[in-house]
Amino acid sequence: MSKSSPLVGKRIVLGGGGGIAAYKVVELMRRMVDAGAFVSPVLTRASLRFVGRTTFSALGSEPARISLWDGSDPIPHTRLGQLADAIVLAPATADLIARYAAGIADDLLTTTLLASKAPVVVVAAMHTEMWQHPSVVENVATLRRRGVVVIEPEAGRLAGGDIGVGRLAETDVIVQVVETLFEVSTKNLLANKSVLVTAGGTREPIDPVRYIGNRSSGKQGIAFARAAAELGARVNLISTVPVFDSAGINVVPVESAQEMFDVVSNLAVSCDLVVMAAAVADFRSANVSPVKIKKRHGAPEIRLEPTPDILAHLGATKRPGQVLVGFAAETGDLEIEARRKLKDKNADFIVANNVLEEDAGFAVDTNRVTLFYGESEVALGHSDKRDIAEKVLRYVAEYAKNTGAWQE
Ligand code: C5P
């Protein structure tokens, strides 16, 4: 089970230079993608002599690019450079380091570097003599003075059998360095934000004793509330199930869809983010009996009427700066249902899962969800509900920042 990484939702340009360590960089790219980053591989021509473009395209988040001129986008370097949250050069060869230090922009990778204000991590790998050459030493010093993070090569066996300094750092080390770039900025990701979360299945009364309910345990919603509080938000949790250990969370108990609607529509006005994790009944009894229905009177006739759709109401009354997250617990085609809900309810995100899967969905502590937002679709791995919640919140915060919904 993966721990949520600060790389979730980050856009990373992986700049691959032409060195034998390119084969290790494929693994690095995969690790960053698995951690939740969107990795765009940008390769130098020389790198293609070591690992094929297809390998990078298949394992990256989008097809590998090499040239300024090989796609339909006339200015790929500005798009890549401006959108990047970080650029990782690996392996950074003596030539790539020299071109970057000198500000040369003679291919897609070096133009992207110049078109970006994102932090850059240079992961050097070359033969010992080259690494120790005064021109490389000076270029590395220049980059460091400019704030570039340089991960030095490690000692070990080099290509050709020599022993010395030159090997690309271990993948774990590189991933850790890239993660620390974002750790500080994401620790208080939701500071000053007001978040409203709903949890549990609603209970729609039939009479004072009986109700129409569903299998929702409230675990995923409660996990969202806890994760949001830990990320610094003020949290209101509107729950149909009892919540223990609610430190830092304002819990409002409700039972029916109507009660949830009344509380949520009232509180949502001042919220920056609403996470509708509750399984709200779609129908309720239109003829609730004020007294217990007796068996001896025969099977009662229960007429159903629709409940208010809380999420759709919030979507219709959404104010600028507010982000709405809805859920889709499905037994069929996730994508069709999720995309329909995104549109019909004017939500910004739909967190979809197949409730028929084992170890996911109702009552269990783990989940496997796919996030739908804008044109994007991201499958989050199987993990505990707390971790899923944190990952989703990181995507939401990135989205809110990138779309300008949240100003600070
Ligand atoms: O339409 P459906 O019930 O499948 O949509 C699920 C999403 O809509 C969930 O986020 C749920 O909390 C929300 N919902 C709602 N009010 C309803 C029904 C669902 O807010 N009456």
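This is a predicted model: local features need pLDDT of at least 70, side-chain atom pairs count only at pLDDT 80 or more; totals for chains, interfaces and linings use all residues.

Analyst: Residues are numbered from 1 along each chain as its sequence is written, and side-chain values use heavy atoms, with hydrogens and water left out.

User: How many salt bridges does the count come to?

Analyst: Side chains of opposite charge can pair when their charged atoms come close. A salt bridge here is a side-chain nitrogen of Lys or Arg within 4 Å of a carboxyl oxygen of Asp or Glu. By this rule the count is 21.

User: How many residues apart in sequence are the parts that Lys219 and Asp365 tie together?

Analyst: Lys219 and Asp365 form a salt bridge, with N to O at 2.8 Å. Helices (H or I, at least four residues) and strands (E, at least two) are DSSP runs, numbered from the N terminus. Lys219 sits in helix 9 (residues 219-230) and Asp365 in the loop between strand 17 (349-354) and strand 18 (366-367), so the parts they tie together are apart in sequence by 146 residues.

User: Is Asp365 buried or exposed?

Analyst: Buried means under 20% relative accessible area, exposed over 50%, and partly exposed in between (1.4 Å probe, protein chains only). Asp365 has a relative accessible area of 52%, so Asp365 is exposed.

User: Which residue forms a salt bridge with Lys341?

Analyst: Lys341 has a relative accessible area of 14%, so Lys341 is buried. Glu330, at 11% relative accessibility, also counts as buried. The closest N and O atoms of the pair are 2.5 Å apart, and the partner of Lys341 is Glu330.

User: Which helix holds both Lys391 and Asp387?

Analyst: Lys391 and Asp387 form a salt bridge, their closest N and O atoms being 3.6 Å apart. Lys391 is buried at 6% relative accessible area, and Asp387 is buried at 3%. The two lie four residues apart, about one turn of the helix, in helix 13 (residues 385-402).

User: Where is Thr370 found?

Analyst: Thr370 has a relative accessible area of 13%, so Thr370 is buried. Leaving aside neighbours within four places in sequence, Thr370 is in contact (heavy atoms within 4.5 Å) with residues including Leu334, Ile350 and Val378. Thr370 is found in strand 19 (residues 370-373).
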